[in-house]
Each structure stands twice: as structure tokens, then as C-alpha cells.
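Please find my notes on this model below, as numbered points. They go from the whole chain down to single residues.

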Amino acid sequence: MMETGIFTTLESCHPPITVPAWMVMMSSKNPGRLGVYGFRHRKGFSYTEGWLTNSQTIREPRVWDILAKENKKVCLVGVPPTYPPIQVNGKLVSCFITPKDQENFTYPTELSKEIQSLVGKYIFDVKFRTDNRDEIIESLYEMTEKRFEVIKQMLAKEDWDYFMFVEIGVDRLHHMFWKYYDQEHPRYEPNNKYEKVIPEYYEFIDKKIGELLSIIDNDTYVLLVSDHGTASMKGALCINEWLIKEGYLVLKKYPESVMEIEKCDIDWEKTTAWGWGGYYARIFFNVKGREAQGRIQQSEFQKVRDELKQKIMSIQGPNGEKFDNKAFYPDDLYGEAIGSKPDMMVYFDNLYWRSAGTIGHNALYLSENDTGPDDSVHWMDGVFLLYNKTKAKCTTKLERLSIYDVAPTILDIMDIPVPKDMEGKVSDDVSNWVHGRKNNAFVLWMTGLPCSGKTTIARKLQEYVPNLALLDGDELREWLSPKDFSREGRDEHNRKVAYLAKLLVKHNVPVAVSLISPFRENRDAARNIIGNGNFLETYVKCPLDACETRDVKGMYKKARNNEIKNFTGIQDPYEEPLKPDLVIHTDKESLDDSVSHVLTILKSMNLMKS
Ligand SMILES: [Zn+2]
């Protein structure tokens, strides 16, 4: 799929947690608008009572609701949260939150019987966070085998326009085996018995996906996405122990053994704030008129919250190492935040450290999770891959996409208008690839010694190429990065010019860049920024002595007299291109010859009408 498809990094939402992330992806609306901040929520402003997110929590239309209005049929398997099963225009198998022995896990209800006759007892999730790793491996494979059996059957037999499934096994695999696999993990042991569990399961999944690909037709687009990425868990920070230490949380009696905060004897009259554990910390304030035994005045809430945020931001690691902490207020983050939102959301060390909510550790830092073994945390960066059997690879380098872009992209692929209130966008590059539209704009990146003739050729080309923008390196120096001709200065100037060219090309403006760009690294960087598909490295070649003879602005002379420094060709080197897309010999051909040479190439590449 990667060989001929297009792929990039997919950035998750805040927080990058399974529930809400899949629903953010499917609705292109943020957790604040969905009112979903995790799996568990507070019941109103209760200190102890909570409720769990399920399919009924989601009020915003999801991709399949929009497709239903267009009479498109869907099949959904395991998309969180779809338990209890909801009515869709097609078929649905509920997700990992389904209780273990639940018989009613499909829409329509009869489907569950078919599934059970196909695979026996269907498995929604594995029992993870246990120490018996061997048992987990076995149940992971059993669950995934069954799920793919069901998917294969439905793919082949059902009538669908949109088919989606989520395999939760990958997430469980990461949590249970990351420390055995990632050599950077603080508790990694070389040559351990489980070292290959992760790569082997991935191979298994890869093979399973391959089997599915053999069933689908040539018109089908396959989107492979993650709701979040993963990273090594460095440890857990006991948020409530920290709040106790700072005086925000006051207990009547410190517990003798580790227990959940709900079971602790808390002196609410003296308590300002408390927190929840998880891959991120949720912090709640004890506010008068809101919480039953509220302590701080509504009018003081913002001030107290800001103060606590400041303190949280400066929390360090167990050995005084700097933490990259992040703290958000839901209303600031989402614009609007409905439902049971926390007062503050905190990532310890950019999520490397999870939050432990339990109390009784007599410690601030734990090397392991407090609620059962866990090796990995959730991460913002995940994967996006789009594939179609008949499509040739797109040469443009895809920019990062966001989880919010997935729903609009699905609708764009299916030629259905994207609702205006979706927060994501359709990437031009993805859309052009899918719909076979070609962006004909190009960047003619002309590199060569000073006075080799780059700008002269570019000016002449403007007479023939409509709308050709000229980015002249010397001219842009005045605006972007004046007078720093050091290696770093040149690198930076190159990057700025390349980015400018990229913006123009993205909007279909052809560009001629006239820039010495003396180092191979500069030109490679430019190609990377602009994208291979539109980039033409053009070597304007002329021997040094011929350039020096021309010496349009008397610069060579000044360089020879050391009046200017770092002059390419004299004090500084010029690295010739190894594999330029075209070479123009300005010492051997006339200006008209050079220009017609470039035009011939552009026409042969269909970048210009003949
Ligand atoms: Zn997870």
C-alpha cells in the first residue's frame, strides 16, 4: 500500500484518547463540541459518581450519518463507541466497550447470530493490564482472527458503499509489549522473550489486510488511519499526591494502602482541587455554588486555576530533569466545551508520563502504572495512508494531516459535499490525487555560480510562460534574510525561498527560482519542502572564468580584493548538482537557445501547453 499509495503523519486530537478520538475523526468536531473528554466522566459536579461514554453520548452526525442521507450503505465493525448498537443505513458490529457476554451487539440484531455461527463467541476486547503476557498474546490473536473473519465475510457479502473497521488489538499490543520492543523504553531488556511480539503481530495484521485487499474492487479507496500514536511510558506522576503536597487537596486521613481517590476520606472544606489519572490528567476545582462543599469563590476560580497551572507547568522529573508539561483549559482549547468537562487538562512531559490518580503511594513518581501493567502512552502522531489498486503513486510529498481532516477526505473521495461545520479540511494534494487533477505548476530551481545567467534566463522565460513568478535570490535577500552569507545564513535563506516557492506552486503559480544555492544539501532541502513532483533542479552551468569575465555587478572583483567575504566560487565552494533535472550551458549556447531548451523540457513533461 505504501509503494503506490500516499501517506503522511496523522495528528490526533487533544486529548489523543481512543474515546473521543474516533468520534472526532468521524464527525470532524472537537471533543468540546462532542462533550467527550475520555471514556469516563463525572456525573454533574459529583465528587465520586461517574458515567461512561457510549454510543448514545454522541449527538453530532458522523460520516455514516451524512452518507445515509445520500442513500449510501455502510458496514461498521468495532468503531468506538458504537455500543449499544446504533441504527445505521446498513450493518453494524459494536466496539470494544461492549460487555463481555453481551448477545446484542449488532444492528440489525439478527446479524449477531450470523456472526456467532461463523466464528463462535465473538471477542470485543482482550483482558489487558495483567501480568500474564503469554495469555494476552494468545487472546490477541484469537480476537483478531475472529474479527477479520467477520470483516472478510461482510466485505464480500454485504452491500456497502462505505466499510469501516477498527482493530483495538494494536492498541492493546502497544500497551502490553512496548517495553519489550522499544530499545528507548526505560525498562527495556535486550534479548527478552517478547522482543518480537510487536513486529510479529504487525506482520499478522499486514497479512490479514492483504487478504481484505484481494476481495475489494479497483474502484475502492482504502484508508488506513490511527486515532492516536504511541510512545514509551516513562512513568506515572501521582497527581493527587502532588496536590496534597502543594496543599490543594486535604485528606482527613492518609490511606494506609493504595486506593482510588473516590474511596479516600477527603476534607472537602479544605480542598481546592483534585485530579484523575489516565494518559492525561484531568483536574477539577472545588467551587462554591457548583460543588456540594465548594471552597473557592466563583470570582476567584480563574485566578486560582491560573496559579495552579503555573505550578503544574514547572513540575520536574524525579531527578530534577525538565518536563515538557502542557496544560489546557477546555473552553480555550475547544472554543465551546459542553458536558462533563474537566477544569484543566494536563500532559506530563508531553504525555511521556501518565497521570496516576490513586493515593497512598507515599511518593510522587511511580515507575509503573498504578492501575495495572502498562508500557506505553498515547501519542499525538499517528498514521494516514490512502491506497487504490489502480492509482500510480503521487510524487508530491504529503504534508501532515489532522484527525479532523479524515471525515472531509472520505466525503471528498465519495464526491459528497463537506458540511461547513466540519473542522477539518480536504488536502489539495489528496483530492487532486484521488480525482486525477494535476497541478501543472512547477518550480524551476536554477542553481549556479554568480553571473552564470540564472536571472537573465528566468526573465526571458517570463515572456513565454504565462504567469511565471520569478524569485530572485538577491532581491529576496533584502526582504527575507539580509546579508548573512555564512553556511547557516545560506541554509536559512534557501529554506525561506523554497517555502515561498511552495506556496506559489500550491496555488498553481509556476515559479522560476534564481538562487546560487551552492550546497547539495540546500537543493535537496528545497526539493523536500516543495515536493518532488513539481521540482526541477536546473543547473545553469558556466565555467568560473567565464562568469568572472561577465561580472555584471563587479562582485567577483570585490571578492578577489577581499572586499566581500564568503563569495561563492572565490572564497566559498560551489557543489555541482549530481543529478540535475536539466543542465543549461550558458557559455556554449545563446540566451534564446537556453530558453527554448527549458521550454522543450517543460512541454515534454506536460507542464506547459505546446
Ligand atoms: Zn490505548
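1. Into which domains is the chain divided? There are three entries in the assignment, which is automatic or taken from a database: domain 1 (6–233 + 378–434), domain 2 (235–373) and domain 3 (443–604). Between the C-alpha centres of domain 2 and domain 3 the distance is 56 Å.

2. The model is predicted, and local features need pLDDT of at least 70, side-chain atom pairs count only at pLDDT 80 or more, while totals for chains, interfaces and linings use all residues. Residue numbers start from 1 along each chain as its sequence is written.

3. The chain has 19 helices and 26 strands, where helices (H or I, at least four residues) and strands (E, at least two) are DSSP runs numbered from the N terminus. Along the principal axes, its C-alpha atoms fill a box of roughly 90 × 60 × 50 Å. Of the 610 residues, 41% count as buried; a residue is buried with 20 or more other C-beta atoms within 10 Å of its own, exposed with 12 or fewer, and partly exposed in between, C-beta atoms being placed from the backbone.

4. Helix α5 (residues 133–157) and helix α7 (residues 197–213) have axes that come within 10 Å and cross at roughly 10 degrees. Axes are lines fitted to C-alpha atoms, for helices over the stretch in contact, and angles run from 0 to 180 degrees between N-to-C directions. The two helices are therefore roughly parallel, a label for angles under 35 degrees. Ile137, Leu140, Phe148, Ile151, Lys152 and Leu155 of α5 meet Val197, Tyr201, Lys208, Glu211 and Leu212 of α7, contact being C-beta atoms, placed from the backbone, within 7 Å. The residues of this contact divide into 8 nonpolar, no polar and 3 charged; Ala, Val, Leu, Ile, Met, Phe, Trp, Tyr, Cys and Pro count as nonpolar, Asp, Glu, Lys and Arg as charged, and the others, Gly among them, as polar.

5. An open sheet of 4 strands runs in the order β13-β14-β16-β15 with antiparallel pairing; strands pair if DSSP finds at least two bridges between them. From one strand to the next the twist averages 25 degrees. Strand β14 (residues 281–285) is joined to β16 (residues 344–347) by 3 bridges, and Ala281 stands opposite Val346 in β16.

6. Helix α11 (residues 406–413) is mostly covered, with 6 of its 8 residues buried. These are Val406, Ala407, Pro408, Thr409, Ile410 and Leu411. They pack against α1 (18–27), α3 (63–69), β8 (221–225) and α12 (428–434).

7. Beyond its neighbours within four places in sequence, Lys29 contacts Val24, Leu34, Glu60 and Glu423.

8. Some backbone values deserve a look. Most residues other than glycine have a negative phi, and most peptide bonds are trans. The peptide bond from Pro80 to Pro81 is cis, with omega near -10 degrees, and a cis bond also joins Tyr107 and Pro108. Phi is positive in Asn350, near 55 degrees, and in Asn562, about 60 degrees. Asn350 is partly exposed, with 14 other C-beta atoms within 10 Å, whereas Asn562 is exposed, with 10.

Notes:
Parallel < 35°, antiparallel > 145°, perpendicular 65-115°, else oblique. Contact = placed C-beta atoms within 7 Å.
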